Amino acid sequence: QQAQSLPDPDSRGRALIAADALRDLSNRAAIQGVPNGAGSADNQNQHYVAFVCVENAFLELDGRHLDTNGIAVPINHGSTTPESLISDAAFLIQREYLSRDPSSHNFSLLAFCQLPSS
């Protein structure tokens, strides 16, 4: 039997954007107990993003940041290095997110890091 090949990344991204059931499930989980919570129409823009270093570019991956063709594109925040990515991301998060409402605790952070070998 021949293995099925996966669709290309653009097709997979478009499928995720069009996945109404998945978005609705996420929205229902996000607004649990809150009348106007995180969702696709939420003006607080509460959803997951990732910060990565690709060829020394500091990129924010946000599936809701689309180009004119409806394709998700990264937001380039300038240059960084693998060694400074965490501190660059922390500075950006503080400047762009936490400064909007310093009393808000409505966020979480998670870092995936490779530990140096001993």
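Mentor: Helices here are DSSP runs of H or I, at least four residues long, numbered from the N terminus. On that basis, Leu25 lies in helix α2, residues 20-30. Keep in mind that this is a predicted model.

Start at the surface. The limit for exposed is over 50%.

Now go inside. In soluble globular proteins, nonpolar side chains tend to be buried together. The largest nonpolar core here has 6 residues: Phe51, Phe58, Leu85, Ala89, Leu92 and Ile93. Helix α3, residues 85-97, is the main contributor, with 4 residues.

Look at Phe58 within that core. Leave aside residues up to four places away in sequence. Phe58 then touches its core partners Phe51, Leu85, Ala89 and Leu92. Its contacts also include Val52 and Asp88. Ile75, Asn76, His77, Gly78, Ser79 and Thr80 touch Phe58 as well.

Finish with charge. The structure holds 1 salt bridge. It pairs the side chains of Arg95 and Glu96, at 2.9 Å from N to O. Arg95 has 43% relative accessibility, so Arg95 is classed as partly exposed. Glu96 sits at 32%, so Glu96 is partly exposed too.

How values were computed
Residues numbered from 1 in each chain as written. Predicted model: local features only at pLDDT ≥ 70, side-chain atom pairs only at ≥ 80, totals over all residues. Heavy atoms only, no water. Salt bridge = Lys/Arg side-chain N within 4 Å of Asp/Glu carboxyl O. Buried < 20%, exposed > 50% of the residue type's maximum accessible area, 1.4 Å probe, protein only. Helix = DSSP H or I, 4+ residues; strand = E, 2+ residues; numbered from the N terminus. Core = buried A, V, L, I, M, F, W, Y, C linked by side-chain atoms within 4.5 Å. Contact = heavy atoms within 4.5 Å.
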